[in-house]
Amino acid sequence: SGAILGGIFASPPVSSILAAIRAVTVPTAKGGKGCLLIVKNYTGDRLNFGMACELANAEGREANMVVVADDCAMERQKGITGARGVAGTVLVHKAAGGAAGKGMDLAAVSNAAETVAKGVGSMGVALEAVTIPGADNVNDRLSKTNEKGELMMEIGLGIHGEAGMKQCPLMTCDEIAKEMLKSIQDYGKEVDSKIVPLYKSGDELLVLVNNLGGTSNFEMSLLARSIVSQLENDAGCKATRVLVGSFMTSFDMQGASVSILPLTGNANCVLPFIDADTDAPGWAAKVDVWGNGASRPSEIEIKEVLGVPSASNETGTASLPPVLIEKFSDRSRTILAQCSKALIDAEPTLTKYDTIVGDGDCGITMERGAKEVAQRLESGKLTLDHPSSLFSDLADAVSASMGGTSGILLELMFRKVSTSLQSTTGEGITHKELTTAFQAGVEAVSFYGGAQEGSRTMLDALFPASAVLVSSVGSAADVQEAAKAARKGADKTATMDNAEAGRSNYLNKDVL
């Protein structure tokens, strides 16, 4: 097999195409089996490949040509040019290659390619058009805003950056998927001289979601989810093969396309060729595929294996050491409400600082945790009558909302505080036991996280505060002294020119 290259976004010349045919095709008189040319529907390609095909046949090298016109962005009656060939061509390549690999003759290989070419429909979208490398003028038609100042995107543009069917303000993934699928269905397919929708409820579908070059894997996965969800939940179809990746790109175009092949009628007959194993690097590891009748691996939900409930969850606080701190529940409620509000209000400042010395998510992460704690406090989901249960509940709230390094470190601290209080001996939990458990939580953050006081982390505030609390007698003044110690430790980090842990560890002395 071979691929023939022309200039950027231009058809290769006849001489190059004919040279490729000669390189892979033995004359029929010498036992050659022939050559199939798969051509995307652009005028220059059709003419040049067509001429090369005729010349090859004249030389005794049997050649056929299949033209792919899968783009559903063009009006059917708009001139004789017809629909463009876009990413659906990849499926034509795969079917033809699979048939050839099975030893089929040229007629059968051509038939497999033609079947897919007639059955597949595609639609592309982009946030940015593509500019030919080295061009003096940048293709910036999507860089401008509309009269309302909204950023624009394009529906139905071609793989060479040609204008599509329309421009519109930016849409969500679900809205983009809906627009793409509607366009494909409206374009439809021809059956008995009539245009009917490409697929109907109950059909099995092969879905190819193609990265046009500059779209992140994250965005591709979101779009693929939206497309498959709407096909299965809204259209009543079954996406039995899902392909997501960079199959047909256009340099760094920020866009994607979807190609849909209903696995009905003749298309079902070529399915073994599409499913055939291949070591083609552009295909490998991108296909979510399985046998007929089985469930798609990506849709199989693995049931959650629940952990063993803790003693406090099973029996409440009855089995826990008694709480000897006066009005612990009321005090806890007030403190948690105030702390949550303070963290939420501090989000812009924390984000600003973390943008300078980290990755910019600290404020948002802390805000998520604070909002979760506040919501659980308001809804009565926090156990306020016992500190061990309360800190366990706080750990659960942090685990469910924060994520990141800060989230897991705070969860570790809260869980260590909880388990330390569970093992309290003596008459019950007093100020002393509570502060000792807090110190154990701080030490757990240091042990598991690897940082120490002086590493330029949260521990520079936590260690001084815990030291004051452990040596105190439990008065309000002691808590204020602990807060002052934490502030002093935090402020001290501003003069440190080296960070031994966290994102700041990546920064040099001048930045810090």
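This is a predicted model: local features need pLDDT of at least 70, side-chain atom pairs count only at pLDDT 80 or more; totals for chains, interfaces and linings use all residues.
**Reading helices, cores and a cavity**

Visitor: Which residues of α12 are buried, and against which helices do they pack?

Guide: In general, an α-helix has 3.6 residues a turn, so residues three or four places apart point the same way. In α12, the buried residues are G363, T365, M366, E367, G369, A370, V373, R376 and L377. They pack against α10 (328–345), α11 (347–357), α13 (387–401) and α14 (404–422).

Visitor: How may helix α3 be read in terms of its residues and its reach?

Guide: Helix α3 spans residues 88–101, and its 14 residues reach 20 Å from first to last C-alpha, close to the expected 20 Å. It is mostly covered, with ten of the 14 residues buried; among them are V90, L91, V92 and K94. After α3 comes G103, where phi is positive, near 85 degrees.

Visitor: Which residues have the most contacts inside the largest nonpolar core?

Guide: In soluble globular proteins, nonpolar side chains tend to be buried together. Here the largest nonpolar core has 38 residues, and L91, V116 and L261 have the most contacts inside it. At least two residues of this core come from each of β2 (63–68), α3, α4 (106–119), β8 (204–211) and α8 (271–275). Leaving aside residues up to four places away in sequence, L261 touches L91, V116, G119, V120, E204, L205, L206, A267 and I274. Another core, of 31 residues, lies apart from the largest one and includes C168, I184, V228 and L231.

Visitor: How many cavities of 30 Å³ or more does a search of the whole structure find?

Guide: Rolling a probe the size of a water molecule over the atoms shows where empty space is left. The search finds one cavity of 30 Å³ or more, and the largest cavity holds about 80 Å³ of space. It is lined by 13 residues, of which V86, G124, L157, I159 and S257 are the closest to its centre.

Visitor: What is the make-up of the lining of the largest cavity?

Guide: The lining divides into seven nonpolar, five polar and one charged. Strand β3 (residues 121–128) supplies the largest share, three residues.

Terms used
Residues are numbered from 1 along each chain as its sequence is written. Side-chain values use heavy atoms; hydrogens and water are left out. Helices (H or I, at least four residues) and strands (E, at least two) are DSSP runs, numbered from the N terminus. The expected span of a helix is 1.5 Å times one less than its number of residues. Buried means under 20% relative accessible area, exposed over 50%, partly exposed in between (1.4 Å probe, protein chains only). On a 1 Å grid over the protein atoms alone, a cavity is a set of points where a 1.4 Å probe fits but cannot get out, and a pocket is an open set with protein on both sides within 12 Å along at least five of seven lines; lining residues have an atom within 4 Å of a point. Grid points are joined across faces, edges and corners, and a volume is the space filled by probe spheres set on the points. Ala, Val, Leu, Ile, Met, Phe, Trp, Tyr, Cys and Pro count as nonpolar, Asp, Glu, Lys and Arg as charged, and the others, Gly among them, as polar. A nonpolar core is a set of buried Ala, Val, Leu, Ile, Met, Phe, Trp, Tyr and Cys residues joined through side-chain atoms within 4.5 Å. Contact means heavy atoms within 4.5 Å.
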